[in-house]
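Subject: Structure handover

Hello,

Please find the structure below, followed by notes on what was found in it.

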Amino acid sequence: METEIVSVDNDMDNSVSYQRAVDILKDGGVVAFPTETVYGLGALATDAVAVQRIFEAKGRPSDNPLIVHIGNKEDVNNYAVDVPENAGKLMDAFWPGPLTLVFHKKPGVIAENVTPGFDTVGIRMPDHPVALNLLRTLDGPLAAPSANRSGKPSPTEAAHVMTDLDGRIPLIVDGGRTGVGVESTVLDMTANPPEILRPGGVTREMIEEVIGPVRAEDKSPGVADEEAPRAPGMKYMHYAPESPLFVIRRDAAAIREAVKQLHAEGKRVAVIGPDEFDITEADWYFAAGPLHDNEAMAVNLYSALRQCDLTDADLILAAETDYEGVGQAVMNRLLKAADGKRYDG
Ligand code: TXA
Ligand code: MG
């Protein structure tokens with residue numbers, strides 16, 4: 001299969017490109033498209049055969065539930081039941097935006113393989129003009145995981161999707177680089193109090209300001225995986241770089257020392273860290289944004305990890321960020337990529 005890329009530009013009339021994407025989707029095909037978090041690989045969520053194509057293209061285990069994307073807030077009631085009042089407040093505050101809400105599923109509407117074995121469904125309304133335009137032109141729900149091959153970092157630009165899925169999908173809608181850079185927050189509204197299953201662009205503080213206390217595992221690295229939905233016998237693969245990754249204290253002198261030690265052992269080292277650090281000793285240095293700028297770190301994280309995978313490094317060191325705000329999501333993804341490993345000399 002030939003993979004086509006169409007660029008859509010806000011200043012142009014892109015109706016032909018949208019129509020092409022909609023035709024493929026209505027026909028049961030898959031299309032990669034930008035959201036404000038990462039690129040998604042969408043299929044019509046009411047069509048089980050189409051949804052199956054997502055799992056095939058990604059090489060993703062088909063027991064991992066997919067998020068349903070909608071173009072209007074009111075659509076929630078087409079797919080979910082018992083939507084609590086607090087959810088309405090969250091939708092008003094954060095939709096469109098990087099917050100996925102998990103509800104009890106309305107029976108018989110969304111294809112069974114979108115949420116295999118679950119009686120719940122995760123729904124979000126993305127805050128991206130291209131995603132919204134696509135959803136509204138399609139006039140239907142899109143099941144869409146991140147548009148990477150299973151085991152790779154989520155794509156934050158169309159070129160990442162091309163690298164992973166060239167020849168496996170018919171169309172990529174290119175809307176430039178994504179703005180948030182890490183996936184949406186997943187909040188389980190069927191739990192009492194609601195529980196954050198995956199930290200993301202909408203932070204715990206932001207949620208609690210609207211609905212009061214929520215549950216969130218303060219997990220120590222490498223232990224329980226808060227992204228895994230609570231269901232028996234389910235295991236999820238997470239992105240892990242080709243070379244072992246270690247999280248290291250955000251301290252230029254400590255990083256230099258670590259690089260020296262590793263060089264003495266004959267190892268080549270790639271480092272991900274803040275713009276301000278000048279670690280010339282490292283074999284590769286990938287600057288991921290200004291110090292304490294958690295938003296910038298989130299935007300650049302997956303790109304930096306993909307760049308590390310293109311080097312011959314024997315080992316990757318990634319400097320810790322702040323744990324505040326979206327820094328929680330950044331550290332959650334980094335520690336997963338590191339499998340909880342920290343470098344301490
Ligand atoms: O930002 C995002 O959420 C991106 C963009 C494309 O929208 N999508 C995304 O999808 O990250 P994906 O498939 O890579 O991650 C979906 C995760 C699942 O692994 C699971 O942890 C959680 O969302 N999830 C989805 N439905 C759920 C459900 N019914 N119950 C519990 N967790 C669910
Ligand atoms: Mg993903």
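What radius of gyration would a compact globule of 345 residues have, and what does the protein have? A compact globule with 345 residues would have a radius of gyration near 20 Å, and the protein, at 20 Å, agrees with that. The radius is taken over C-alpha atoms, and the globule rule is 2.2 Å times the number of residues to the power 0.38.

Conventions, in brief. This is a predicted model, in which local features need pLDDT of at least 70 and side-chain atom pairs count only at pLDDT 80 or more, while totals for chains, interfaces and linings use all residues. Residues are numbered from 1 along each chain as its sequence is written, chains are lettered from A and ligands numbered from 1 in the order in which they are written, and side-chain values use heavy atoms, with hydrogens and water left out.

Overall figures

The secondary structure comes to 10 helices and 16 strands; these are DSSP runs numbered from the N terminus, helices being H or I with at least four residues and strands E with at least two. Along the principal axes, the C-alpha atoms fill a box of roughly 60 × 45 × 40 Å. Of the 345 residues, 57% are buried (buried is under 20% relative accessible area, exposed is over 50%, partly exposed is in between; 1.4 Å probe, protein chains only). The accessible surface is about 14400 Å², and carbon and sulfur atoms hold 47% of that surface. Areas come from the Shrake-Rupley method with a 1.4 Å probe, and for residues only the protein chains shown count as cover. Taking contacts between residues at least 6 apart in sequence, 67% join residues at least 24 apart, where contact means heavy atoms within 4.5 Å.

Charges and salt bridges

There are 32 positive and 54 negative side chains, and the centres of the two sets are 4 Å apart. Lys and Arg count as positive and Asp and Glu as negative, without His and the chain ends; each charge is placed at NZ of Lys, CZ of Arg, CG of Asp or CD of Glu. Side chains of opposite charge can pair when their charged atoms come close. With a salt bridge defined as a side-chain nitrogen of Lys or Arg within 4 Å of a carboxyl oxygen of Asp or Glu, the count comes to 16. Three of these are described here.

- Aspartate 92 and lysine 73: the closest N and O atoms are 3.7 Å apart. The pair links distant parts of the chain, 19 residues apart, with aspartate 92 in helix α4 (residues 85–94) and lysine 73 in the loop between β4 (67–69) and α3 (76–79). Aspartate 92 is exposed at 58% relative accessible area, whereas lysine 73 is partly exposed at 26%.
- Aspartate 322 and arginine 250: the closest N and O atoms are 2.8 Å apart. Here 72 residues separate the partners, aspartate 322 being in the loop between β16 (315–319) and α10 (327–337) and arginine 250 in the loop between β13 (245–248) and α8 (252–264). Aspartate 322 is buried at 15% relative accessibility, and arginine 250 is partly exposed at 22%.
- Glutamate 281 and arginine 256: the N to O distance is 3.4 Å.

Helix α5

Which residues of helix α5 (residues 129–138) are buried? They are Val130, Ala131, Leu132, Leu134, Leu135 and Leu138. Their cover includes α1 (15–26), β2 (31–34), β3 (39–44), β4, β8 (142–143) and β9 (171–174).

Backbone points to check against your own view

Most residues other than glycine have a negative phi, and most peptide bonds are trans. The exceptions found include the following.

- Aspartate 139 lies in the loop between α5 and β8 and is exposed at 69% relative accessibility.
- Aspartate 82 has a positive phi near 55 degrees. Its place is the loop between β5 (80–81) and α4, and aspartate 82 is exposed at 62%.
- Tryptophan 95 and proline 96 are joined by a cis peptide bond with omega about -5 degrees; proline 96 is in the loop between α4 and β6 (99–105).
- Asparagine 192 to proline 193 is also a cis peptide bond, omega near -5 degrees, and proline 193 is in the loop between β10 (185–188) and β11 (195–198).

Regards
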